[in-house]
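Please keep the structure in view while going through the numbered points.

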Amino acid sequence: MKPLIALSSRSTEIDNHNHIYYNNASYSTFLENAGAIVSTIKALNEKDAQQIATTFDGLLLTGGEDIDPKYFHQDNLYSDKTELIEPALDLSDFYLYNAFKKAGKPILGICRGIQVIAVAEGSSMIQDLPTEKNVQHSQSELEPKIPADQPSHLCFFNKDSQLHAIFGDHYPTNSFHHQACASVPDGFLLSAQSEDGIIEAIENKNIIGVQWHPERMIADDKHMCIAQLFIDKCLAQKTR
């Protein structure tokens, strides 16, 4: 039996203020190629999230807009740069993360997803890397622009991490973010960081968060290995 994976929903507004809930096809392809069945999910409350966590075998927290700074106890310092998601989806992400963690089921966070994990675990955020750290980690802002399926910088991997078994000491990744985790949450390992010291991956036994977008680099077998590692964890949990 293939594992069932919940993808955290994203939204966009169309004509007459209607919202579409969706996910980029690249997330589905990423996990389907690793042997999963996927579905986009939004949780209205904690009780619904608990039911979702009972039904599904794993959770992928997808990328998207910025987390509202109120969730890490800061004012919105750069309102001209911050792209806030629909408030209900901030809550949905936290409901889903907490429910799957409580259920002991595997979680993978990508880009915004690693940030959701960190904030849910009590960490803070760097709200704008160019302003606060004088570094640019969004390759779509570079000139010339770098295609989404191509890397823009190196990540350096902790020898004690699960990701080191895939990537070795260092490996190139893509990069599409202007916010970043300010610290590693308690109970997590710093799995990877960029050459300029930005947190690029965190993990514990059942949860992995990466700041880059491996689902856009599936032509590279090493990035596909992240999906396979996650799915293998989901299968192991499913057969217990």
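1. Basis of the note. This is a predicted model, in which local features need pLDDT of at least 70 and side-chain atom pairs count only at pLDDT 80 or more, while totals for chains, interfaces and linings use all residues. Residues are numbered from 1 along each chain as its sequence is written, and side-chain values use heavy atoms, with hydrogens and water left out.

2. Helices (H or I, at least four residues) and strands (E, at least two) are DSSP runs, numbered from the N terminus. Two strands pair if DSSP finds at least two bridges between them. An open sheet with mixed pairing is built from nine strands in the order E4-E1-E5-E6-E13-E12-E11-E8-E9. Its edges are E4 and strand E9 (170-173); each has a single partner strand, so one side of each lacks a neighbour in the sheet. On average, and with direction ignored, neighbouring strands of this sheet are turned by 20° against each other. Axes here are lines fitted to C-alpha atoms, for helices over the stretch in contact, and angles run from 0 to 180 degrees between N-to-C directions.

3. A helix on the sheet. Helix H3 (residues 87-103) packs on the sheet, where it touches strand E1 (4-8), E4, strand E5 (58-61), strand E6 (107-110) and strand E13 (207-210). The direction of H3 makes about 150° with that of E5. Contact means heavy atoms within 4.5 Å.

4. Serine 39 belongs to strand E4 (residues 37-41). Is serine 39 buried, partly exposed or exposed? Its relative accessible area is 32%, and serine 39 is therefore partly exposed. The classes are buried (under 20% relative accessible area), exposed (over 50%) and partly exposed in between, with a 1.4 Å probe and protein chains only. Apart from neighbours within four places in sequence, serine 39 is in contact with Ile5, Ala6, Leu7 and Phe56. The C-alpha atoms of serine 39 and tyrosine 21 are separated by 12 Å, the two residues being 18 apart along the chain.

5. Strand E13 and its partners. E13 pairs with E6 in the parallel sense over four bridges, and leucine 108 stands opposite isoleucine 208 in E13. E12 and E13 run antiparallel and are joined by three bridges; they form a hairpin with three residues between them. Alanine 201 stands opposite valine 210 in E13. Which way do the residues of E13 point? Ile207 and Gly209 point one way and Ile208 and Val210 the other way, and all are buried.

6. Strands E11 and E12. Strand E11 (residues 189-194) pairs with strand E12 (residues 199-203) in the antiparallel sense, over four bridges. The bridge partner of glutamine 193 is isoleucine 199 in E12.

7. Rolling a probe the size of a water molecule over the atoms shows where empty space is left. On a 1 Å grid over the protein atoms alone, a cavity is a set of points where a 1.4 Å probe fits but cannot get out, whereas a pocket is an open set with protein on both sides within 12 Å along at least five of seven lines; lining residues have an atom within 4 Å of a point. Grid points are joined across faces, edges and corners, and a volume is the space filled by probe spheres set on the points. A search of the whole structure finds one cavity of 30 Å³ or more, and the largest cavity has a volume of about 50 Å³. Among the residues lining the largest cavity are Ile107, Leu108, Ile208 and Phe230. Helix H7 (221-238) and E6 each supply at least two residues of this lining, and H7 gives the most, with four. By class, the lining has six nonpolar, one polar and one charged residues. Ala, Val, Leu, Ile, Met, Phe, Trp, Tyr, Cys and Pro count as nonpolar, Asp, Glu, Lys and Arg as charged, and the others, Gly among them, as polar.

8. The open space. The largest pocket holds about 480 Å³ of space. Of the 21 residues that line the largest pocket, Gly64, Glu65, Glu83, Cys111 and Phe176 lie nearest its centre. The lining of the largest pocket divides into four nonpolar, nine polar and eight charged residues.

9. Backbone details in loops. The peptide bond from glutamate 143 to proline 144 is cis, with omega near 0°, and proline 144 lies in the loop between helix H5 (129-132) and strand E8 (153-157). Asparagine 134 is also found in the loop between H5 and E8; its phi is near 60°, a positive value in a residue other than glycine. Histidine 73, in the loop between E5 and H3, has a positive phi of about 60° although it is not a glycine. Histidine 73 is exposed at a relative accessible area of 77%, and asparagine 134 counts as exposed at 69% relative accessibility.
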